[in-house]
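Subject: Structure for your files, with notes

Hello,

Please find the structure below, followed by notes on what was found in it. Could you read them with the model open beside you?

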Amino acid sequence: MYVRRALRYRWAQALVLAGVSLLIGTCAVFGPWFARAVEQTVMTETLAGQPLQASWLIVSQQPGVRPEQLDQLVPADLRPLFTPPVHGSYSDASWRVRADDDANSTRLRWRDGYCAQLVVTEGRCPQASHEVIVSAVDKSAWDLGIGTKLRTEADGASGALLTVVGFYRPKESRGNYWFGDYPTGHSRPASAKDPGWADEMFTEPTTITQPRVTSDTRPRPGVARLDDLSRLQDATRTVNGNARELGVPADVTTSLTPLIDQIQADRKQATTIIPLVMVQVALFAVVVLALALAAVVDQRRPEIALSRLRGKPVRRTHRVLALELGLPVLAGTLVGGALGFGVLTVVRLTWLRRGAPMELPWTVPVALVAAVAVALIVVLLQVRTAVRQPISNLLRRVAPRGRGRMIGVADLCIIVFAAAGLFAALTGDGRGPFPILTPALLALAVGLIFAHLLLPIAGLISRQAVRRGRLGLALGTLQISRRPAVTRIVAAVAVAAALLTFAGQAAAVGARNRETRSGYETGAEGVLRMNSLYLADFLAAVNKIDPDRRQLTPVVISRPASPDALKSEMIEPDSFRKIAFRGDQLTDAEGWKQLKAPSTPAPIEIRSTQLTVTVSTGAIKAKIAKDTGGQQIGSGQPKSVVLRANVVSHRDGSRYLVSFPPLPLPATKPVELRTPVECQAGCDLIRLGIGREPLDPIGLEGHLVISKISSDDRPSITLGSPESWQPFRPVGSDQGSVAAKPGGALTIAMQSFGADQFLQYGTVPAAVPALVTPEFRYADNVTTSPAIDNSPMTLTRIDRLRAPVNRYGDRTAVVDLETVRRLGGAVDEVRTDFEIWLNKDGLANVDTITEQLAKAGLTAELVDRRDDRIASYGRSASALALQLTPVVGIAAWILAIVVLLLTVVTSWRSRAQDYASLQLTGVRATATGRAARWEQTGPVTLAVLLGTVCGLVGAQVALPLIPLFANSDGPMPLDHSTSWPVAIALWLGGTAILAAATLFLGSGVNRRSSYTRIREELT
């Protein structure tokens, strides 16, 4: 009965306590529930976003195997988790229209329901054996028509005639239906290096007599759950072994195992970030609940004293008051659990995009029970502290404080706990909850310490203000010094400001790092990739599309045979600085200068069918080499020397070795030598050197004097100064050497033991300048990276790398594309990628650029976009979890305002009576108004500043421990620096809001300080 009347009489206080408890219950339930939902969403979106990597591609080359037989490789208990298999068969074949035509290649394919995936532009789909439907691209490329007969030569349809019955284009050229074996994008005409290829031709299965049969399937996103991951991974690891045991002659290709490892890493992000973020706000809510209860219990002190004076035992008073306060706390916490479910439902439909099923993990009820227990324990402790005070203390309007200003036991315990947690965070190894809780713990400890120091400081300021005649300030600071409730306000506001600051920093730092990493991983705003047979054709097409490089920059990637060796990233320095993501930050001005190809000397160009050279030698000495056992190799005198040259063709960029006839030794008189060259379209002379005949093992030492060199178009070719020719030592060369000396057109000082030795002209440095990624162990004159033809280029490192290398951030050497072009070489098609990096303007015009490349014979595909990567990272577990941080910050401010309001609600009568008494003694209302405003505005403003500083300091400790990415290793370091615009904006906004609130509340209290308040007290 008493409890019901009390709740009815003080319903506003009950609602406040229930509201704070509501937040505790909501956080307790929502945290683990949201973590589980994020884990499931990450799994669903990873499987949906990377369908090819998740797929099982089952292929059998055994004759007589039907596609349906391959389905048994999927375990029976996992089949409901997989999509219905798509069966198919294929065979590669060569074809021609006429018997005397050159053969072209294609792939004959049948696939379940393929016709429904095609747009038939002309004709129809095949309905009988030996009918095919051909890509619309090939119709014009090969001049095909309806009814054209194709002669095939393949193991799948040898000697058969195929009839073209239609032309198609795929509805989705890169759709999931194709499982990575896309039907178009293969068409290209025949060239000197490559036979012609056509896009895939579809036919009926009976056309292919000896096919490779396939069965493709993948886990179904949204059906496969987290609990199925281990079974999926085990089945993937053992599927090929099971195929042999089942007698099914098939191989399964899949990347599902590493994809599951990625999902598990993402799950760790969610289980790390979400609970700890929610624990911070829940911990703050518990602190606020304790402060609110302290304020409510403090208001009941006279009632507790009256109950004690009437003879009621302390235990009964404790039980009644605990029941009165515990009921709204219990109700609020339980309703908070239901609200947590409602919030999760909304979040699931918005943030998570229905990516997670509704399920009840066991952690949710456990967390709710723990929240209820903690909230009720706080109620019992607060009530117990109040009812055990002496009656004389309970009867006082303001609780008495000792002259020594001793800190209360409860506050001291909180300060010690917070300091211990902060010490553990700063001195530990980064594990456990304390580092993440640093902002809250630091603000709580510093806020309480500051609040207790504020009381004597306020008394001192009050006395000084009285002496200076500043009555408003004196009264306001006096109220601060005599009311311990200020500690609640200061601590709550400091923690709220710290949480809000930390939330803002976490959101800003996370977004900044996602955008930065996406930019470096993409390389630019967008990337087009294509295959080209010739570097010259690629550069010519690029120059025609954008000669001023306003929208794009060409990049060529050459990969070595060994994965541990350096790859080459060939760039145009000038356009790269403008187009690539933060391209100007890759190196400094001196680095760019060193990277660029030499501007002098001028290239040695020839247009001719032959080269003629006049050479002679001085005195030649024999040099006897020794083998590894110390035995001499051969004896006698050297017989001849062979002058060699390297020229780079302007037509296709290939590098050719030119050998002149052997020069018999001795050759003290000039001898004219001539050799044919294929340089009608133009060549650049880049190397001159010497070699030996196979049957001439005797080493030699001497000088080879080139008196004159000429071509059809140039009677005399100037070779330049000796300084323009530097020794070039290919990998694997012997102890021989060459050097350029003055004399004639060029004199070669040589020491030869059989291997070719070259001098390289200054247009291409003998050791190519390169920016080498720092993780690679570089060695002078030893480290190489592949050129365009995959031959090794000796590098000299430019030790001025200032930022991560774009797109290919590890084991990469950045070199000038012009240097590599001058060096020449036939393109290694297997290990060379041609890319065009686009800025925003280029990405907006990507369709036009792609069309122009197609006209130049280059089939380009947009393989990467920075915005796509940002969106992908934005759906990671870390990003989804960090979306909570703004909510946490807002919740913290709401709780701080609740404490402020509750403090005012529970103390406004006594404060109004104080101000009324002062006005009765002659103090003006304006002075009491200033005092009312000073009493809370000053401490709150200082608390916001203090909490902001604590939040910034705590963020520097906590943010490095938050896993922003599933894999934080790599060449791109994380940037955890403070986002000052966010910090300043939150500080100013928080100060303005709380200052306005305190000014409004203080003015309201002063307006109510009428004489009737004194009468209320007297009556």
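Asp 696 and Arg 692 are both buried, where buried means under 20% relative accessible area, exposed over 50%, and partly exposed in between (1.4 Å probe, protein chains only). Their side chains form a salt bridge, 2.8 Å from N to O; the term stands for a side-chain nitrogen of Lys or Arg within 4 Å of a carboxyl oxygen of Asp or Glu. Salt bridges with shared partners also link Glu 521, Arg 529, Arg 807, Glu 835, Asp 864 and Arg 869 into one network.

The model is predicted, so local features need pLDDT of at least 70 and side-chain atom pairs count only at pLDDT 80 or more, while totals for chains, interfaces and linings use all residues. Residues are numbered from 1 along each chain as its sequence is written, and side-chain values use heavy atoms, with hydrogens and water left out.

Other salt bridges

Side chains of opposite charge can pair when their charged atoms come close. The whole structure holds 38 salt bridges. In one of them, Arg 655 meets Asp 789 at 2.9 Å, N to O. Arg 655 belongs to strand S17 (residues 655–659) and Asp 789 to the loop between strand S26 (784–786) and strand S27 (792–797), so this pair ties together parts 134 residues apart in sequence. Arg 655 is partly exposed, at 23% relative accessible area, and Asp 789 is partly exposed at 22%.

A further salt bridge joins Glu 68 to Arg 66, with the closest N and O atoms 3.6 Å apart. Glu 68 is partly exposed at 41% relative accessibility, and Arg 66 is partly exposed at 48%.

Helix packing

Helices (H or I, at least four residues) and strands (E, at least two) are DSSP runs, numbered from the N terminus. Axes are lines fitted to C-alpha atoms, for helices over the stretch in contact, and angles run from 0 to 180 degrees between N-to-C directions.

How do H8 and H9 pack? Helix H8 (residues 314–349) and helix H9 (residues 363–387) have axes 9 Å apart, at an angle of about 150°. That makes H8 roughly antiparallel to H9 (angles over 145 degrees count as roughly antiparallel, under 35 as roughly parallel, 65 to 115 as roughly perpendicular and the rest as oblique). Contact means heavy atoms within 4.5 Å. Residues making this contact include Leu 321, Leu 325 and Val 329 of H8 and Leu 368, Val 372 and Leu 376 of H9. By class, the contact residues of H8 with H9 are 16 nonpolar, 5 polar and 1 charged. Here Ala, Val, Leu, Ile, Met, Phe, Trp, Tyr, Cys and Pro count as nonpolar, Asp, Glu, Lys and Arg as charged, and the others, Gly among them, as polar.

Helix H2 (residues 11–49) also packs on H8, the axes coming within 5 Å and crossing at roughly 40°. This crossing is right-handed, and the contact has 18 nonpolar, 8 polar and no charged residues.

Leu 17 lies in H2 and is buried, at 1% relative accessibility. Beyond neighbours within four places in sequence, Leu 17 contacts Leu 289, Ala 292, Leu 293, Val 296, Leu 325 and Val 329.

Whole chain

The protein chain has 26 helices and 30 strands. Of its 1019 residues, 52% are buried.

Regards

Definitions and conventions
A crossing is left-handed if the near helix is turned anticlockwise from the far one by less than a right angle, and right-handed if clockwise.
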